[in-house]
Amino acid sequence: MSIENDVSFSINLLEKTFSDFKKDETINNLEMSLDYLCKAVGRDIFIIPPKGKKQHILYLKKEIGKTLKLLKG
């Protein structure tokens, strides 16, 4: 393996690690937001999110939207 390949591999690994970290951070923030909103409107929920991180994020956003409608209504 050449130095260029090693550097390229390292950069790709760092980008993937950072991307995973950002998704985990987003999931954590969305879960805390959903928890807070549910407590505010008295919505008692138990979530079983999808396995994929992107699907998990979309699921949480959908649940936050449902909870916000309860808050407005």
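Predicted model: local features only at pLDDT ≥ 70, side-chain atom pairs only at ≥ 80, totals over all residues.

**Exercise 1. How many residues does helix 1 have, and how far does it reach from its first C-alpha to its last?**

Start with the count: helix 1 has 39 residues, and the stretch in question is residues 3-41. Next comes the end-to-end distance, which is 57 Å between the first and last C-alpha. Then set that against the expectation: at 1.5 Å a residue you'd expect 57 Å, and the helix comes close to that. Finally, step just past the end of helix 1, where Gly42 takes a positive phi of about 75°.

**Exercise 2. Describe how helix 1 and helix 2 are arranged: at what angle do they cross, and is the crossing left-handed or right-handed?**

A word on the approach first: for two packed helices, you give the angle between the axes and the distance between them. Here the axes of helix 1 and helix 2 (residues 53-72) come within 9 Å, and the crossing angle is roughly 20°. Angles under 35 degrees count as roughly parallel, so helix 1 and helix 2 are roughly parallel to each other. As for the hand, the crossing of the two helices is left-handed.

Now for who does the touching. From helix 1, the contact includes Asp20, Lys23, Ile27, Leu30, Leu34 and Leu37. Helix 2 brings in, among them, His56, Ile57, Leu60, Ile64, Thr67 and Leu71. Sort the residues of this contact by type and you get 12 nonpolar, 4 polar and 8 charged.

**Exercise 3. Which residues of helix 1 are buried?**

Go down the helix and pick out the buried ones: Ile27, Leu30, Leu34, Leu37 and Cys38. Then ask what covers them; the cover includes helix 2.

Take Leu37 of helix 1 as a test case. Its relative accessibility is 14%, so Leu37 counts as buried. Skip its neighbours within four places in sequence, and Leu37 is in contact with Ile64, Thr67, Leu68 and Leu71.

**Exercise 4. Helix 2 holds both His56 and Leu68. Is each one buried or partly exposed?**

Begin with His56: at 11% relative accessibility, this residue counts as buried. Leave out neighbours within four places in sequence, and the contacts of His56 are Ile27, Glu31, Pro49 and Pro50. Move on to Leu68, where the relative accessibility is 35%, so Leu68 counts as partly exposed. For a distance check, Leu68 and Lys51 are 17 residues apart along the chain, and 24 Å separates their C-alpha atoms.

**Exercise 5. Lys16 and Phe21 both lie in helix 1. What is the exposure class of each?**

Lys16 has 52% relative accessibility, so it counts as exposed. Phe21 is at 48%, so that residue counts as partly exposed. The cut-off that matters here is 50%, with exposed meaning over it.

Lys16 and Gly52 are 36 residues apart in sequence and 15 Å apart in space. Phe21 and Ile3 are 18 residues apart along the chain, and their C-alpha atoms are separated by 27 Å.

Methods:
Residues numbered from 1 in each chain as written. Heavy atoms only, no water. Axes fitted to C-alpha atoms, helices over the stretch in contact; angles between N-to-C directions. Helix = DSSP H or I, 4+ residues; strand = E, 2+ residues; numbered from the N terminus. Parallel < 35°, antiparallel > 145°, perpendicular 65-115°, else oblique. Left-handed = near helix turned anticlockwise from the far one by under 90°. Contact = heavy atoms within 4.5 Å. Nonpolar A, V, L, I, M, F, W, Y, C, P; charged D, E, K, R; others polar. Buried < 20%, exposed > 50% of the residue type's maximum accessible area, 1.4 Å probe, protein only. Expected span 1.5 Å × (residues − 1).
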